[in-house]
Amino acid sequence: MSSFDCPREQDVVNAVLAGAWPDRCDDSLVTHAAQCVTCQEVAQVSMLLHEDVDHARIDVIVPAAGQIWWRAAVRARLESTHAAARPMSWMHAITGAIVLGVFLAAITTVWPMLPGVINVIRAASLEVLPSPEVSRAIAGGLTQIAGLAIIVAAIMVVAPLALYFALSDD
Amino acid sequence: MREITLTDMERLGALDEADRTFQMTEEAFRAFYELTARPVRVYLARMTGDDRLADDLLQETYYRFLRANASFESDDHRRNYLYRIATNLIQDHRRKPFMEVPAAAIVEVPDAAAAAQAAERAARRLDLERAMKQLKPRERSLLWLAYAQGWSHEEIASTIGVKTASMKTMLHRARRRLVALLTPGERS
């Protein structure tokens, strides 16, 4: 026990909170408190706070238990929905990256093969078509169309992905 | 963060799920809430000095309590845990200025003697309120739990999160300060 601590302090508080202080409690406690500075202070503070609590309790309005429960339940559900949505966003990002990677890999593979393919087409067209000028024109056109087709395909793959990530809030 | 809203059906589903999500059933919660809500609300209001904030913190306190992954040995332990949450929430808001809580108006006064008594009580409450405002948030919490709720030193120490010996020293200091602030002539 320290100099500011009294073993009967709690008894005084209990008596005050029970509304028994000082008239309806143990005489020895009242006698003790009259000589104990700590208990006098404790009684004074406790009476004031107890009075304040009593008064505040009358006025205070709390929401119904069901309302608190309902709000908590909805909030818990909302939080779990958020938590469940988080891995989905990651999955979308990973899928997008994979699609982009596959597309770039395909372009890298196809691009060096393109002149060869065009040469094959030109050789084939030379056999079929009567004029070499027509065959050359077709080959030139094919080279231009192939480049354009790759750019269009790239836009078709990349644009929806870019749009998705731009509009996604996560 | 993308906004996620719940449909009415999902809201109903949330109620079904709640018994599994929360650490107690709705029935048990209702009983516990009836016992604790008013004192906790008064505690929050007196510690923050803001009734609206106290309402928000009350909801938050019970939400955190319900979601807590804790097991309780007794009702007292459960109640102490609830107050610990409330105390932590108050401390989170302690940087905000302590606002005046308007004293309740005395509506009906039957006679002069009762009027004088009521006025005296109102003045005492106002003095207490002013004195409490000048204390630190932790001092207010300590005094409230010790002398308005009647908690033991050990219970308060575990709720505040300090050792019992340190708590006793802090409580003594807070009590001395409050008494000094309430004593005419000693007010700073």
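Here are some friendly notes on the two-chain model above, a predicted structure.

1. Ground rules. Residues are numbered from 1 along each chain as its sequence is written, while chains are lettered from A and ligands numbered from 1 in the order in which they are written. Because this is a predicted model, local features need pLDDT of at least 70 and side-chain atom pairs count only at pLDDT 80 or more, whereas totals for chains, interfaces and linings use all residues.

2. Chain A overall. Chain A has five helices and zero strands, giving the pattern α-α-α-α-α along the sequence. Helices here are DSSP runs of H or I with at least four residues, strands are runs of E with at least two, and both are numbered from the N terminus. Of the 170 residues in chain A, 15% are buried. Buried means 20 or more other C-beta atoms within 10 Å of a residue's own, exposed means 12 or fewer, and partly exposed lies in between, with C-beta atoms placed from the backbone.

3. The interface. On chain A, 41 residues are in contact with 46 residues of chain B; contact means C-beta atoms, placed from the backbone, within 7 Å. Helices α1 (9–17), α3 (37–59) and α4 (65–128) of chain A each supply at least two residues of the side that touches chain B. That side of chain A divides into 21 nonpolar, nine polar and eleven charged residues. Nonpolar covers Ala, Val, Leu, Ile, Met, Phe, Trp, Tyr, Cys and Pro; charged covers Asp, Glu, Lys and Arg; the others, Gly among them, are polar.

4. The core. The largest nonpolar core has 61 residues, and V12(A), L44(B) and A86(B) are among those with the most contacts inside it. Such a core is a set of buried Ala, Val, Leu, Ile, Met, Phe, Trp, Tyr and Cys residues joined through C-beta atoms within 7 Å. Leaving aside neighbours within four places in sequence, the contacts of V12(A) include W21(A), L29(A) and V42(A).

5. A helix pair in chain B. The axes of α6 (residues 137–148) and α8 (residues 164–182) of chain B come within 9 Å and cross at roughly 95°. That makes α6(B) roughly perpendicular to α8(B), a label for angles of 65 to 115 degrees. The contact of α6(B) with α8(B) has seven nonpolar, no polar and three charged residues.

6. One tryptophan. W111(A) sits in helix α4 of chain A. W111(A) is exposed, because 12 other C-beta atoms lie within 10 Å.

Terms used: Two residues are in contact if their C-beta atoms, placed from the backbone, lie within 7 Å. Axes are lines fitted to C-alpha atoms, for helices over the stretch in contact, and angles run from 0 to 180 degrees between N-to-C directions. Angles under 35 degrees count as roughly parallel, over 145 as roughly antiparallel, 65 to 115 as roughly perpendicular and the rest as oblique.
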